Amino acid sequence: METIINYIENLFRNYPDTPRVRKAREELLAIMEDKYHELKSQGKSENEAIGVVISEFGNMDEIALELGEDGNTSKENSGGYEEVYPMNTDQAKEFVSWKISFGYFIALGVALCILSPVTACILDAFSEAGILSSRFTDMAGGVALFCMVACGVAIFIIKGIADDGRVEKIKGKKISLDNAGRDYMEREKNAYMPKFGAFVAIGVGLCILSVVPGLIAEEVVGGTKLFWIEDIAGTLLFIMVACGVACFITAGTRKEAYDVVLGLKKIHEPKKKNKVMEMVSSIYWLFITFIYLAWSLLGSAWGISWVIWPLSGIIFGIVSVVVKAVTETGR
Amino acid sequence: MISSDGIRGYNDMIILHLVLEKPSYGYEISKAIKERTEGAYIIKETTLYSAFTRLEKNGCIQSFYGNETNGKRRTYYRITETGREYYREKCREWELTKKVVEKFTA
């Protein structure tokens, strides 16, 4: 038995002492020990028993995934194993209808955010037309803007948290649907695809046409006493974009739902994280925020200091390319 | 003896079949596989362990500690509803695979 324990200790020597590694070592040893005792009780000699147990142990590559190694090479060794989540027809139907309603909520949240400046624009038009005082309209418009953004963000957060468990179960897994469910979902998806195309076309059309009302208004009332109508027409831009984006989102999530249950797409596939990149970016943005605040406060430069954001965004793009190149060639 | 490559896709099904009968632990499952196949398939310990962790992560089986025997506490596994469904799915898949492979058997 000593030999078997030593054998296992040796195999695990290069692994970190994490709970997962400890559990694997214990479980494997337990099976080997049981097998060893059984062989001995059948009258096998010490050497024979050890020989059989070790020859039937297998290959550490197979459990490399469980030990938390980077999946790159070990995945191939264990036969390209994909994590599979089995689903029956009812579960799939339930998932699709949940995902569709989820899409409506997200579309509503995004629309609220896009529409948030509309109240301010309309009130601004009234103040320019001399109907309302600008002090009132500025304040009310600002309040309305923040309220709408807050509602939109609240929807994202509440929906995100409420449905976290559901997504967590199937995250990054390939869904394996039973045959009846597969047939059903393929029919549903095929039936939906023309509508999907129509929604995307309508969405694109609305986004492109959104500038038209403003242009027309400028042509017709620009420079006249009714110039404030331009502002009202301008709000149509937000409204049309919001409707267009809502089309994309609802159609996109519904199509995604079908693709997920049909196993064509995984939900929230975990991206390979670049640890160095994460560290660099957190330090970088902290540093930029510090410069922004220092410059603005000490130099009273609130009017101009915002340029730091677009500039540092571009610089960050360059930095991330360099960091990725350096870290990934080093592997 | 069967090659472990050939049977890889069905280790999960074999294990689920055995825990479907009754909750069981590592060696008991390994022994049952060997005995029922009359030694034609001996599952490697690492194959067995990786299947356990994967099945548990997918919610197909649940592990729990059994009663202490000879000062040892064994980890037992029992099947879940998800596991039953997955098992049935794998059985259907096997029926199809068998038909396909048979078309090309001499």
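A: This is a predicted model. Start with what a helix is here: a DSSP run of H or I, at least four residues, numbered from the N terminus. After helix H7 of chain A comes Gly130(A), with a positive phi near 80°.

Q: Why is the stretch 60-63 of chain A called a helix?
A: A helix needs at least four residues. H4 of chain A runs over 60-63, so it meets that cut-off.

Q: How many helices and strands does chain A have?
A: Chain A has 14 helices and two strands.

Q: What makes a residue of H7(A) count as buried?
A: The cut-off is 20 or more other C-beta atoms within 10 Å of its own. In H7(A), residues 118-128, Val118(A), Ala120(A), Cys121(A), Leu123(A), Asp124(A) and Ala125(A) are buried, so each of them reaches that cut-off. Their cover includes helices H6 (89-115), H8 (134-162) and H12 (229-261) of chain A. Across the 331 residues of chain A, 22% are buried.

Q: How do you know that chain A touches chain B?
A: Contact means C-beta atoms within 7 Å. On that test, 27 residues of chain A are in contact with 21 residues of chain B. H2 (19-41), H4 (60-63) and strand E1 (84-87) of chain A each give two or more residues to this side. H2(A) has the largest share, eight residues.

Q: What classes of residue make up the side of chain A that touches chain B?
A: Twelve are nonpolar, seven polar and eight charged.

Terms used:
Residues numbered from 1 in each chain as written. Chains lettered and ligands numbered in written order. Predicted model: local features only at pLDDT ≥ 70, side-chain atom pairs only at ≥ 80, totals over all residues. Contact = placed C-beta atoms within 7 Å. Nonpolar A, V, L, I, M, F, W, Y, C, P; charged D, E, K, R; others polar. Buried ≥ 20, exposed ≤ 12 C-beta atoms within 10 Å, placed from the backbone.
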